[in-house]
Amino acid sequence: MSLVSLRNVVKRFGAHEVLKGITLSIEEGETVAVIGRSGSGKSTLLRCLNALEAVQEGEMTVAGIAVTSPDADLNRLRARVGMVFQSYNLFPHLTVERNVKLALKLVRKMSDAQAAQVARAMVGKVGLADKLQAYPDELSGGQQQRVAIARSLAMQPSMMLFDEITSALDPELVGEVLRVLEELAREGMTMMLVTHEMNFARNVADRVIFMHDGRIHEDGPSQEILRDPQTPELKAFLAAVLH
Amino acid sequence: MIRDFALADFGFLLMAARWTVLLSLAAALGGGVLGLAIAVLRIVPVAPLNWFAIGYINLIQGTPLLGQLFVLFFGLPLFGLSVDAWTAAVVALSLYSSAFLGEIWRGSLQAVPQRQWEAGAALGLTYRQRFSHVVLPQAVRISVAPTVGFLVQIVKNTSLTALIGFVELTRASQIMTAATFAPLTVYLAAAAIYFVLCFSLSWASQVLERRLHVAR
Ligand SMILES: Nc1ncnc2c1ncn2[C@@H]1O[C@H](COP(=O)(O)OP(=O)(O)OP(=O)(O)O)[C@@H](O)[C@H]1O
Ligand SMILES: [Mg+2]
């Protein structure tokens, strides 16, 4: 069965329909880039996948959990689906190590020693082993974002969601974060990422989804979609972002 | 009868300052517990409880502390409930503190960005875990400075209890002035003691803030 499967999912904020019937499957190991104009519903789609937003209609199964069923265990879902935000959202009162250990101990019920071992390994993986005892405000934006990725990966999620995670970074810090994502894609992590980096989408993602006005407007292999857009909306969007 | 202000008299002021400290502590403790309850009543999604808390806060914040002291000390005996000066002082200062501390703490909780709740949720933490491990510790850090700032006000406001005859630092200074007829010396000494008390609090708050890694 697909890792993610959505059928006719509708999301409204009050009367405002933001997702207008999304049907979508994602298989294990896929790297899916989500592109589209501002306000097209990209973030909302990601936030629905780990139930940070509730949907009003349709059916949705993610990582083996029927999210739309009334008795779904949402905290269990979120422990299986990692998410990294544009604004890093590290816990400012905790060191890097304790940021990573927190959910391992509370959710995964690891001992402090086990959690510390995982934290060391994960923070090392994103190249920040020497920053374990630093506080978030002592790190650059790129470093904070890498810690946020490590914190999420430490939970051994079945898939990862990334929402414009390089958009708040100074240009010279974008590369170090994208390299971590590339490495993850190579390792076969299932991921869905909202991005404005078209080169990254083309070279690293297997598949591109173009969102337009709350719908999936085009969906296909990244090289094809970006080289040969079928709809005028995607043509216009690509022309605008690639100037 | 009239004599000079001597070292022994300074000792007398210090002994009285003990009551200023004890009263402040009692008010901080009583006001803290009540204030926590007020903050919770103000936040829980139950409208009547919110209204009650808002009404209470407005009533207490909208009337002078001295008036509250008088009502408790002189008003209750009219209904056959006599209270001594210490009890009236502790109760009035606790009620007064609770309204302000409650608001300070509610503000601190709400000052923690929504994103922090979400970051906790995205890691699979339960609502209570998000509250106690992510939001509350940050709210506590945010609240240190305003809380201590308010406690400094409380230390100074204990002087109002002199007006219902409670012998703390200010009342003791009045007594001492009557005995020595040296008001300037006596009140300067009292002011110095107040200053040391309040300054220690502010200094402790700054140390605490540094230790706690208050988010900038
Ligand atoms: N919490 C909310 N309450 C009400 N409306 C919302 C909320 N979140 C998003 N919206 C609306 O939903 C629509 C889609 O927003 P969304 O954030 O998903 O867009 P996006 O494609 O991620 O855009 P961007 O590229 O600017 O991040 C927008 O019109 C937005 O105003
Ligand atoms: Mg967005």
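The legends below describe close-up views of a predicted model.

**View 1. The interface between chain B and chain A.** In this predicted model, the contact draws 21 residues from chain B and 26 residues from chain A. Putting the two chains together buries an area of about 2000 Å², and carbon and sulfur atoms account for 60% of that area. Five residue pairs are in polar contact across the interface of chain B and chain A, with both residues of each pair at pLDDT 80 or more. On the side of chain B that touches chain A, the elements giving two or more residues are α5 (114–122) and α6 (127–157) of chain B. Sorted by class, that side of chain B comprises eight nonpolar, eight polar and five charged residues.

**View 2. The salt bridge between Glu118(B) and Arg47(A).** One salt bridge is counted between chain B and chain A. Its partners are Glu118(B) and Arg47(A), whose closest N and O atoms are 2.6 Å apart. Glu118(B) belongs to the buried residues of α5(B), the helix shown in the next view.

View 3. Seven of the nine residues of α5(B) are buried, so that the helix is mostly covered. The buried residues are Gln116(B), Trp117(B), Glu118(B), Ala119(B), Gly120(B), Ala121(B) and Ala122(B). Their cover includes, from chain A, α1 (42–49), α2 (74–80), β6 (81–84) and α5 (141–153), together with α6 of chain B. Just after α5(B), Gly124(B) adopts a positive phi of about 90°.

**View 4. The surroundings of ligand 1.** The residues around ligand 1 are Phe13(A), His16(A) and Val18(A), the run Arg37(A), Ser38(A), Gly39(A), Ser40(A), Gly41(A), Lys42(A), Ser43(A) and Thr44(A), and also Glu164(A). A polar side-chain atom of Ser38(A) lies 2.6 Å from an oxygen atom of ligand 1, and a polar side-chain atom of Ser43(A) lies 2.7 Å from an oxygen atom of the ligand. Gly39(A), by contrast, places a backbone N or O atom 2.8 Å from an oxygen atom of ligand 1.

**View 5. Glu176(A) in helix α6 of chain A.** Glu176(A) is found in helix α6 of chain A, which spans residues 171–186. Because its relative accessible area is 19%, Glu176(A) counts as buried, the cut-off being under 20%. Leaving aside residues up to four places away in sequence, Glu176(A) touches Gly142(A), Gln143(A) and Arg146(A). With Arg146(A), the side chain of Glu176(A) also makes a polar contact of 2.4 Å to the partner side chain.

Definitions and conventions
Residues are numbered from 1 along each chain as its sequence is written. Chains are lettered from A and ligands numbered from 1 in the order in which they are written. This is a predicted model: local features need pLDDT of at least 70, side-chain atom pairs count only at pLDDT 80 or more; totals for chains, interfaces and linings use all residues. Side-chain values use heavy atoms; hydrogens and water are left out. Contact means heavy atoms within 4.5 Å. Buried area is the accessible area (1.4 Å probe) that two parts lose on being put together, summed over both. A salt bridge is a side-chain nitrogen of Lys or Arg within 4 Å of a carboxyl oxygen of Asp or Glu. A polar contact is a pair of N or O atoms within 3.5 Å; within protein, one must be able to donate a hydrogen and the other to accept it, and residues adjacent in sequence count only if both atoms are side-chain atoms. Helices (H or I, at least four residues) and strands (E, at least two) are DSSP runs, numbered from the N terminus. Ala, Val, Leu, Ile, Met, Phe, Trp, Tyr, Cys and Pro count as nonpolar, Asp, Glu, Lys and Arg as charged, and the others, Gly among them, as polar. Buried means under 20% relative accessible area, exposed over 50%, partly exposed in between (1.4 Å probe, protein chains only). A residue is near a molecule or strand if one of its heavy atoms lies within 4 Å of it.
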